[in-house]
Amino acid sequence: MSTTATASPTGEMQRGLKNRHLQLIAIGGAIGTGLFLGSGKLISVSGPSIIFVYMVIGFFVFFIMRALGELLLSNLNYHTFGDIAKDMLGPWAGFFVSWNYWFSWVIACVADIIAITAYVQWFNPEIPSWLPALITAGVLLVLNLQPVKYFGETEFWFAILKIVAILSLIAVGIVLVLTGFTSPEGTQASFANLWEHGGMFPMGASGFVLGFQMGIFSFIGVEMVGTAAAETENPRKTLPKAINSIVLRILIFYVGALAIIMSVTPWNQIEADKSPFVTTLALAGFGLAAAAIQLVVLTSAASSANGGLYSGTRMLFGLSKDGHAPKSFALTDSRGVPRGSVFFTSVFLFAAIPLLFAGDGVVAAFTFVSSMCATMILFTWGSIVVSYIVYLKRYPERHAASKFKLPFARIAPWLVLAFFVFIAGTLLYGEDTRPPFLATPFWFVLLAILWQLRKRKLRREGRPLTAAIPLPDTHE
């Protein structure tokens with residue numbers, strides 16, 4: 001790598017992430033704003049059955065991540081799932097997947113910044129809404145201009161905060177249940193609250209199905225571990241460990257936390273437009289703890305936005321190296337940071353400021369954006385699964401030699417694709433998720449037009465439609 005301020009367009013990023021960084025990025029990616037902010041809305045829609053919603057989604061997410069893990073480790077020259085898509089499905093797929101993932105994180109980051117503004121105003125409503133949005137966007141820009149090891153360190157401590165907060169809430173909730181705590185309204189904390197207020201499925205099958213709409217958004221970011229693997233030391237050792245721990249994380253942080261929340265406060269008393277993590281502690285009389293959790297929720301949104309900006313810039317870096325984006329986005333400085341990609345992506349974060357003055361509140365905006373993100377992430381995850389199906393047929397020898405095989409490799413990808421069809425149906429079924437779901441195809445039409453224009457430009461210049469990916473080193 002060049003030691004000058006900027007390298008050539010063929011500059012590379014550095015493997016500056018250590019094992020502890022990747023493990024905590026994996027955890028942080030699975031604990032986002034969707035859990036802290038969106039779970040209140042989900043509980044109001046599905047009741048206690050939301051626990052089973054998270055179990056089902058987590059089951060399929062595990063198989064998606066195992067497929068991604070095997071693909072990444074089959075050739076360490078893959079830096080992102082955009083690389084995998086272009087290698088397995090063709091240059092057009094790399095273009096579509098990478099730009100789609102970049103855009104999905106841009107709008108998710110905007111949603112996180114809007115949420116951060118609401119959290120800040122919880123402490124002091126007099127603060128003008130544009131100020132925390134401006135500060136957050138600026139801080140995220142500065143953080144992502146640092147070498148990747150500093151990104152890893154930031155996400156490490158963000159994830160620690162989330163873990164401590166959720167485990168503390170679970171511990172407090174268990175104590176409240178065991179001591180028979182009674183709220184000012186006369187409700188006693190008990191595990192029986194999970195089934196004594198209309199059963200585990202109080203809204204019937206329709207409520208259970210609707211829970212999948214925003215439930216899927218809660219897991220957006222779990223694939224970030226695949227993006228980070230390209231800048232991780234010894235990915236063959238660290239990546240399998242991070243992926244295999246997904247099941248335990250889901251059981252503790254999603255199923256465990258929400259089960260405790262609904263045991264302390266019956267699901268029908270939880271407000272949809274507030275974080276149940278904060279209201280549960282406030283109800284128990286832990287005002288200071290509630291404020292602390294609110295602070296953690298704020299940092300969680302900041303962590304999600306930070307990770308999203310990181311993922312988006314790395315996708316843009318890969319697009320540029322393929323000739324699918326301006327050359328300047330592939331320039332890296334002497335520390336391996338793709339500065340052009342960081343600056344370009346960060347510009348869109350400031351779009352959160354005008355959005356603060358429109359709409360019907362944070363949760364309404366959050367629902368709209370999360371629904372659009374859910375549609376886009378289905379495409380991203382779908383590309384991983386379809387790429388795996390092609391990989392299995394094209395490179396059976398790589399699969400046979402893999403030390404990190406996808407379980408039930410012949411049938412699992414097809415089951416996941418069927419699940420995606422079901423999720424798409426739930427997004428179309430819900431009144432508040434239908435408009436963003438129907439709006440998303442226009443984005444793919446735009447991508448199709450842009451791909452045709454880019455393809456013609458590359459052919460006129462006599463350049464390949466995408467950069468070739470070297471074959472895996474059999475001695476690795």
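Start by selecting Leu-251, which you will find in helix 12. Keep in mind throughout that this is a predicted model. With a relative accessibility of 43%, Leu-251 counts as partly exposed.

Next, colour helix 6, residues 91–123. Its 33 residues should span 48 Å at 1.5 Å a residue, and the end C-alpha atoms are 49 Å apart, which agrees. Of those 33 residues, 26 are buried, so helix 6 is largely enclosed by the rest of the structure.

Time for the aromatic rings: the structure holds 28 aromatic pairs. Show Phe-62 and Phe-63, whose ring centres are 5.8 Å apart with planes at 70°, so the pair is edge-to-face. Phe-62 is buried at 14% relative accessibility, and Phe-63 is buried too, at 12%.

Then move to Trp-102 and Phe-348. Their ring centres lie 5.3 Å apart and their planes are at 85°, so this pair is edge-to-face. It links distant parts of the chain, as Trp-102 sits in helix 6 and Phe-348 in helix 15 (residues 339–349), 246 residues apart. Trp-102 is buried, with a relative accessible area of 5%, whereas Phe-348 is partly exposed at 32%.

Go back to Phe-62 and Phe-63 and widen the view: both belong to one aromatic cluster, with members including Phe-52, Phe-201, Phe-212 and Phe-422.

For the last stops, select Arg-66, which lies over the face of Phe-404, 4.1 Å from the ring centre. Finish at Arg-398, which lies over the face of Tyr-395 at 3.9 Å from the ring centre.

Note on methods: Residues are numbered from 1 along each chain as its sequence is written. This is a predicted model: local features need pLDDT of at least 70, side-chain atom pairs count only at pLDDT 80 or more; totals for chains, interfaces and linings use all residues. Side-chain values use heavy atoms; hydrogens and water are left out. Helices (H or I, at least four residues) and strands (E, at least two) are DSSP runs, numbered from the N terminus. Buried means under 20% relative accessible area, exposed over 50%, partly exposed in between (1.4 Å probe, protein chains only). The expected span of a helix is 1.5 Å times one less than its number of residues. Rings of Phe, Tyr and Trp (its six-membered ring) pair if their centres lie within 6.5 Å; planes under 30 degrees apart count as stacked, over 60 as edge-to-face and the rest as tilted. A charge sits over a ring if NZ of Lys or CZ of Arg is within 6 Å of the ring centre and within 35 degrees of the ring normal.
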